[in-house]
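Please find my comments set out as numbered points.

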Amino acid sequence: MRAFVAVWPPPEVVASLAGLPRPEVEGLRWTGPDQWHVTLRFLGEVDEDEAAWAFDTIGAGTPAVAGMGPATGRFGRRVLHVPVSGLDAVAAATVAATGGIGHPPEDRPFAGHITLARARHPRGVDLRSLAGASIAGTWAVPEITLVASRLGAGRQGRARYDIVRRLALQGP
């Protein structure tokens with residue numbers, strides 16, 4: 001299965017994200033509420049049993065508090081996003097437990113974010129006018145999830161995400 005480990009925002013955060021402007025921009029594909037999450041680690045193609053075992057060994061510690069904003073940002077010309085902070089420890093625990101499966105872990109600091117839109121073309125889209133929209137909020141993160149990602153048909157198809165397992169974040 002193609003998988004990742006993620007945190008999902010609660011309904012009130014999803015409602016705030018849904019309130020952001022989503023203008024029609026040629027070459028840009030907007031994501032929807034069913035896709036809004038913070039990826040702690042992308043695993044890629046993995047054996048489902050092996051992924052479940054590694055996921056169950058995550059010692060993620062106490063519930064986290066995620067903070068989004070203060071404004072939308074961009075990763076170059078390819079991704080419009082909302083930055084999310086407060087998940088560094090949970091992401092580090094996830095990498096420590098799952099580092100031996102799937103794609104090698106990223107060789108860069110964790111940059112929590114919720115993707116709002118992606119460019120359809122490799123050359124990207126000028127996202128400067130879309131970045132900087134004010135949005136802020138915090139939420140308690142009581143659990144992390146192991147998610148199966150099923151790619152949509154064709155280059156423009158939307159991915160479908162199915163939660164395979166849940167792991168509650170607990171106190172010491």
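1. The model is predicted: local features need pLDDT of at least 70, side-chain atom pairs count only at pLDDT 80 or more, and totals for chains, interfaces and linings use all residues. Residues are numbered from 1 along each chain as its sequence is written, and side-chain values use heavy atoms, with hydrogens and water left out.

2. Buried means under 20% relative accessible area, exposed means over 50%, and partly exposed lies in between (1.4 Å probe, protein chains only). Strands are DSSP runs of E with at least two residues, numbered from the N terminus.

3. Strand β7 pairs with strand β6 (residues 79–85) in the antiparallel sense, over 5 bridges. Two strands count as paired if DSSP finds at least two bridges between them. Within this pairing, V82 has I114 in β7 as its bridge partner.

4. Strand β2 (residues 28–30) also runs antiparallel to β7, joined to β7 by 3 bridges. Here R29 stands opposite R118 of β7.

5. R160 lies in strand β10, which spans residues 160–168. Is R160 buried, exposed or partly exposed? R160 is partly exposed, with a relative accessible area of 49%.

6. Not counting residues up to four places away in sequence, R160 touches A148, S149 and R150; contact means heavy atoms within 4.5 Å. From C-alpha to C-alpha, R160 and H37 are 12 Å apart in space, although 123 residues apart in sequence.

Conventions. Helix = DSSP H or I, 4+ residues; strand = E, 2+ residues; numbered from the N terminus.
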